[in-house]
Amino acid sequence: MMADNPNPAVEETTAAPAEKKGVKRRAFLIGGVAVVGAGLFGIKLADSNAAKKAVALTQGEGEHVFATWLKIAEDDQITIYSPHTDIGQGSNTGLAQMLAEELDAAWDKVKLVSAPAEPSFANTGLGRGFLAEMTGQPGIVEGIPQSFLSFIARSMNLQITGGSSALRFTGQKTFQMVGAATRAALVEVAAKRLAVPAGELSTADSRVLHAKSGKSLRYGELAAEAATLSQDSDPKLKNPKNYRIMGQSMPRLDLPAKVDGSAQYGMDFTVPDMRIATIMAAPVRGGKLTSVDAAPAMAVKGVEKVIKLDNAVAVVAKGYWPALSGLRSLSPQFSDGGNAGFSTTSIFKAYDDLIAKGEPDGEAGEGDVKAALGAKPIEAKYQVPFLHHAMMEPFALTAHHRDGKLDIWGGMQDPLASKMLAAEVSGLDADNVTFHSMLIGGSFGRRLPMYMEIVEQVTKLAMQLPYPVKLIWSREEEVQQGAYRPQSAAVLKAAIGKDGKIAAFLNDYAQTESAESETTFIYDLPVVARRHYEYASNQQTGAWRSVNSTQQGFYNESFMDELAYAAKVDPVEFRRRHLKPGSRHLKVLDEVAKRSGWGTSTPEGVGRGVAIVESFKTIVAHVIEASVKEDGSPKVLKVTTVVDAGSIVNPDGAAAQIEGGTIMGLSSAIGEAITLDKGVVQQSNLTDYPILKLADAPPVHDIHFIESGAPMGGMGEPGVPPAAPALANALFALTGKRIRSLPILTQAKV
C-alpha cells in the first residue's frame, strides 16, 4: 500500500509495469528472418545445459529421454511432450501419431502430455517451418544448424500454438525426426545385443524383431542404453506406403478425460485459500483509470480488496459473485486516451479517404495495373467489421506468490512466453516463476503472446496478495476488451478482355496492417495488384482464426463471382478459365463441382454458390446451398467441401477442423460484428454478439480430402475463408442481390 493512497481499501500496484506484452506478431516474423544462414540439420540439443534441464524436468525412475520430446520407460510406456496447447483442435493426437509412426511404437502404450513451459522446450521446429514459408527458400532454411535455431527459439520463448502449424511444422520438422532417430538408436542397441547386422532387424509395436532367429527385444529393455547414443542427425523416414498409424483416424488422446470430466481447464482450477478477482478495464481502449471509490464494493459481503491497475480496477473476494457484485457497485472514472472520436462509421470514412487519396503503404503484384484496367473497369466496394474471438471459456488464470516464487495456472497459446512475461512483470527471476499449462476452452488466436493482458494483470494482483488469486474476466469484459480481427474495407477493380478472361485485377484494401503475408491469390492473371492502406484505430487487433485470409477471401471470391456474371459465364467455369491447367486448385474446384452437383438445378427457393481459397498452404473449396428465412436472414442447407492439404494425418480430426472452421466462417458471415461508438465497443455479451446456433448450422456437410502428396498444409484455419463468399454467392444466385458488406443479417431479403 502506498503512503499517499487516500483510500485504504484501494491498493496501488507495486510491480514494475511491463514495457511490452510479449512479441508482436510482425516482430516475431521479421525477427525470424535474421537467422537465415548455413549449416547442417541435427536433432539433438546443442545446448547441453538446456538438454540437462529438459531431462531433469521429465525423467523419472526407469525412464529414459530422447531428444527432449520423448521418453521411454522400462515398462514400454512412451510419453511424448507436446509444445502445443490443446484448444480442442486435436493436433496433439496427430503429433503423437507422427512420432509413434516413425518410432514404430505400440499405439496403446503412447500418451502425450504438455511440455513444461521452460526454455528447454522452446519449439525449434516451429521456427524452422515459419522461416521456410516466409522466405520461400526451404532448402536454405533446412541448412540452418539446429543449435542456432534452438538458441533463437529459446531467446524468443517460442512455444506458440497457432498458424495451423502443429503438424506441418512441429510434426514434420521435429516429431517425425525424433521418432525415426530414436528408432534407429534402439535398433543399433538391439543389433549389438543380438549380435546380428542392423539390416536384418525390423521394428513393430515397440519391439525390435529379428525374423531369422525369431528373437525380439522390447523398446523398454533397450531404452537405457539407446538414450546414451548420439542420435542420427538425418534419419531416414518411412515411405508413406508403409504407414500404419498416420493416415488413420486414431481415437483422440484427449477425449477420455473430457468425457469423464477429469480434464482441467483454467476456469476449473482451485487451490486452498484461493480468492477470486474480476476486473473492469477502461471502456475506451487506450484510456486510464483516474479514480475510484472502493467503499461500495467493500460493503459487499465477501469482498476483501479493491485494487487499482493502470487502466483497470479489480475486486478481490471470497467468490466470483461477490467479486462481480462488488465490481458492478463501483463507479470508476477512466480517461479516454484521446480516442473518443473513433466509431465504426468514422473508420470506414477514413478508409474511403485513404483509398481515394491513392497513396498506399505497400504494394504487391505484377504488371501495369492502371494501364490494363482502362477507363471503365468493373468496380465493387466491400467491407467487413471487427470480429471477436468469442471463446467458450473466458480468461481465467490463477496465480500465487509466496516465498519469492510465483506459480500461475491456466491455458494460454504460448505458456513459455506467459512465464517470461510474468517474470518481467513481477521482477522475479524466471527460474522462480512456473507456468502450469492447462487445457483451453476455445481461443482462435485470442490467447497469443501479443495479447497477454491477463497474465500481466493476474501477476500484479498476486504480487500484492497473501493468498492465491484466480482472475476471471466476465463475458462482458471478454467481449468488450477483445483483440479483434480488423475492421477492413476494399475497393476491387477489374477489366475483362475480349476473350472473356480477366485482363487486370486490382485490390485496394484498408486496415490496420498489411494482409500480404496471409494472402494467397490463386488465379493466373496477366496483371494483378494489391495495395494496402494502413489505418490505426484505438482497438487492439490481432490474429483471428485464419487471420487475413478471411477478409481477403471474401473480397476476392465475391468479386470473382461478380466478374463471372458480368462475363455471362458460369461461376465455376469462369474460375476454371483462370486457374492453371493441372494445378491443385483446378482439381479441387472440379472435385467440389462434381460432388456438389454443380450445374444441376436446385429446389425452388434454394441458391448455390462457390468459393475457393488457399490459406496456410491448404486449398479449400466450398459449394453452399442456402435459402432465405422470412426475416431475410440466410439459412444454410448444405455445404460440400473439398480440401487439398497435401496429406492427412488423422482423417476424423481433419474433418472436425474443417467442419468447425466452416461453421465459424458462416457464423461470422451471418451475424457477428463488433461496432464502435465514441471509442467504446457497443456489444457486451453473446446476446448482442450472436454466434451461430445449432439449429442454424448446416444439416448436411459433405467433406472430401484430396491426397495430392504436396507439402503438408495447415488444417485448423483454412475451412473459414471460403465460407462467407460461398454463402454470399449462393444468396446472389437465389435473390440477385449482391452482398458486399458483412455481417449478412437480413440483407438477403428479396
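Which elements cover the buried residues of α19? The cover includes α18 (571–576), β23 (607–615), β24 (618–628), β25 (634–644) and β28 (700–705). This is a predicted model, in which local features need pLDDT of at least 70 and side-chain atom pairs count only at pLDDT 80 or more, while totals for chains, interfaces and linings use all residues. Residues are numbered from 1 along each chain as its sequence is written, and side-chain values use heavy atoms, with hydrogens and water left out. Helices (H or I, at least four residues) and strands (E, at least two) are DSSP runs numbered from the N terminus.

**Helix α19 and glutamate 591**

- Helix α19 spans residues 584–596; its 13 residues reach 18 Å from first C-alpha to last, close to the 18 Å expected at 1.5 Å a residue. The expected span is 1.5 Å times one less than the number of residues.
- Its buried residues are His585, Leu586, Val588, Leu589, Glu591, Val592, Ala593 and Ser596. Buried means under 20% relative accessible area, exposed over 50%, and partly exposed in between, for a 1.4 Å probe and protein chains only.
- Glutamate 591 belongs to helix α19 and is buried, at a relative accessible area of 17%.
- Leaving aside residues up to four places away in sequence, glutamate 591 touches Val642, His704 and Ile706. Contact means heavy atoms within 4.5 Å.
- From glutamate 591 to aspartate 696 the separation is 105 residues in sequence and 26 Å in space, C-alpha to C-alpha.
- Glycine 597 follows α19 and has a positive phi, near 75 degrees.

**Helix pairs**

- Two packed helices are described by the angle between their axes and the distance between the axes. The axes are lines fitted to C-alpha atoms, for helices over the stretch in contact, and angles run from 0 to 180 degrees between N-to-C directions.
- Angles under 35 degrees count as roughly parallel, over 145 as roughly antiparallel, 65 to 115 as roughly perpendicular and the rest as oblique.
- Helix α14 (residues 415–426) packs on helix α15 (residues 453–462) at an angle of about 45 degrees, with the axes 9 Å apart. α14 is therefore oblique to α15.
- On the α14 side the contact is made by Ser418, Leu421, Ala422, Val425 and Ser426, and on the α15 side by Val455, Glu456, Thr459 and Lys460. These residues divide into four nonpolar, three polar and two charged. Ala, Val, Leu, Ile, Met, Phe, Trp, Tyr, Cys and Pro count as nonpolar, Asp, Glu, Lys and Arg as charged, and the others, Gly among them, as polar.
- In α15, ten of its ten residues are buried.
- Helix α4 (residues 124–135) and helix α6 (residues 146–155) pack at about 100 degrees, with axes 8 Å apart, and are therefore roughly perpendicular to each other.
- Thr124, Arg128 and Leu131 of α4 meet Gln146, Leu149, Ser150 and Ala153 of α6. This contact has three nonpolar, three polar and one charged residue.
- The axes of α7 and α8 cross at roughly 100 degrees and come within 9 Å, which makes α7 roughly perpendicular to α8.
- Arg183, Ala185, Leu186, Val189, Ala190, Lys192 and Arg193 in α7 meet Tyr219, Glu221, Leu222, Ala223, Glu225 and Ala226 in α8. The division here is eight nonpolar, no polar and five charged.

**Loops and backbone geometry**

- Lysine 238 sits in the loop between α8 (219–226) and α9 (255–260). Not counting residues up to four places away in sequence, lysine 238 touches Glu101, Glu102, Asp104 and Tyr243.
- Lysine 238 and methionine 250 are twelve residues apart in sequence and 19 Å apart in space, C-alpha to C-alpha.
- Serine 164 lies in the loop between α6 and α7 (166–194). Its phi is near 45 degrees, a positive value in a residue other than glycine, and serine 164 is buried at 14% relative accessible area.
- Leucine 745, in the segment after α21, also is not a glycine and has a positive phi of about 45 degrees. At 42% relative accessibility, leucine 745 counts as partly exposed.
- Proline 743 is placed in the segment after α21 (723–735). A cis peptide bond joins leucine 742 to proline 743, with omega about 5 degrees.
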